Amino acid sequence: EWADLKAYADREAVTKDGFRVELAANIGTVEESMSLLEQGAEAVGLYRTEFLFMGQSQLPDEETQYKAYSAVAEAMRGRPVVIRTLDIGGDKELPYLELPKEMNPFLGYRAIRIGLDRKELLLTQLKAIARAGVHGTVKIMFPMISGLEEWREARAMYEQACEQLRNEGKPFADSVELGIMIEIPSAALMADSFAKEVDFFSIGTNDLVQYTVAVDRMNEKVSHLYDYFHPAVIRLLNNVIDASIRHGKWTGMCGTMAGDPLAAPLLVGLGLHEWSMSASSLSKVKKMIVHLKRSECVALTQRIFELETAAEVRRALEDFHKQIE
Ligand code: PEP
Ligand code: MG
């Protein structure tokens, strides 16, 4: 049974003692959504919309975006689709936007910072997403939020988008969950305040690790310092998940860590609700989850909180894995 991954495709992702999680997939294109249900995904936890913008020579208009988002919503047949607003900048370029060259692109003009500056761009996207909500269950996620004001401004822009759609007489979903990515340490530390206002969090470990330990996620010279098992990262994860639970909200994770079976006992122990990963990782993570006991994972996580280096955390997780295999 252990070796047979296919056997897990139709099973629920639930631990031996009944802790149920939602397994979701990350996608970048409409095509990728087509076979997700058969592959065992229960939702799209991250739709990276920037690829829709990168594949052409000008901004996709509202109709073009509406068609793409609707197609994904329909492919998922009512299952949740978390659509992230444009996350351009950093390593992702968009020549027709003529973004300035920067000394530190990852610390500069990117993602929601562009959306709140070039408002017509974000407004058009929000209108297209709200309209696509008629064809399924879409949720909106804002990337690179660093503080409360940015989130509040983004939420206000969503309300403005709905207002415009009402005036134009276009049908749109009447309730759409609004959430933020937690990928900047300042947001992770302020999770308690955010949790009062947002509907959900999704933790982007790829950027969160880079900003926490000050290691460029693309630079191989320093990649030995880049580790999501760093105890500082684990403290941030705990702060975020804990805040969401206290305020009755849910937390997902869409960074690479969610798709690593080695991390699964820790993430179960922390109480992570939604796990979003590349489709190819779904069955090996689900296999791990169904062999875990949440109570043992909580005890392991308590022990991990006492550890002081990433190497120690990794060793503790590897030892734990040997016991269950
Ligand atoms: C992340 O930062 O973890 C994330 C999922 O976003 P991206 O990899 O697209 O920056
Ligand atoms: Mg990111």
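The questions below ask how terms apply to this predicted model.

Local features need pLDDT of at least 70 and side-chain atom pairs count only at pLDDT 80 or more, while totals for chains, interfaces and linings use all residues. Residues are numbered from 1 along each chain as its sequence is written, and chains are lettered from A and ligands numbered from 1 in the order in which they are written.

Q: Why is Ile-304 called buried?
A: A residue is buried if 20 or more other C-beta atoms, placed from the backbone, lie within 10 Å of its own, exposed if 12 or fewer, and partly exposed in between. Ile-304 has 21 C-beta neighbours inside 10 Å, so it counts as buried. Ile-304 is found in helix H13 (residues 294-305); helices are DSSP runs (H or I) of at least four residues and strands (E) of at least two, numbered from the N terminus.

Q: What makes Arg-48 partly exposed?
A: Arg-48 has 19 other C-beta atoms within 10 Å and is therefore partly exposed. Arg-48 lies in strand E2.

Q: How do you know which residues Arg-48 is in contact with, leaving aside its neighbours within four places in sequence?
A: Contact means that two C-beta atoms, placed from the backbone, lie within 7 Å. With neighbours within four places in sequence left aside, Gly-28, Arg-84 and Asp-87 are in contact with Arg-48.

Q: What makes a set of residues a nonpolar core, and which residues have the most contacts inside the largest one?
A: Such a core is a set of buried Ala, Val, Leu, Ile, Met, Phe, Trp, Tyr and Cys residues joined through C-beta atoms within 7 Å. The largest has 96 residues, and Val-44, Tyr-69, Val-81, Ile-180, Ile-182, Val-240 and Trp-275 have the most contacts inside it. Helix H10 (residues 231-246) gives this core its largest share, seven residues.

Q: What makes up the shell around ligand 1?
A: A residue is near a molecule if its C-beta atom, placed from the backbone, lies within 6 Å of it. The residues surrounding ligand 1 include Leu-46, Arg-48, Asp-87, Glu-183 and Cys-254. Helix H9 gives the most to this shell, with three residues.

Q: How do the residues of the shell around ligand 1 divide?
A: Ala, Val, Leu, Ile, Met, Phe, Trp, Tyr, Cys and Pro count as nonpolar, Asp, Glu, Lys and Arg as charged, and the others, Gly among them, as polar. The shell around ligand 1 divides into two nonpolar, four polar and four charged residues.
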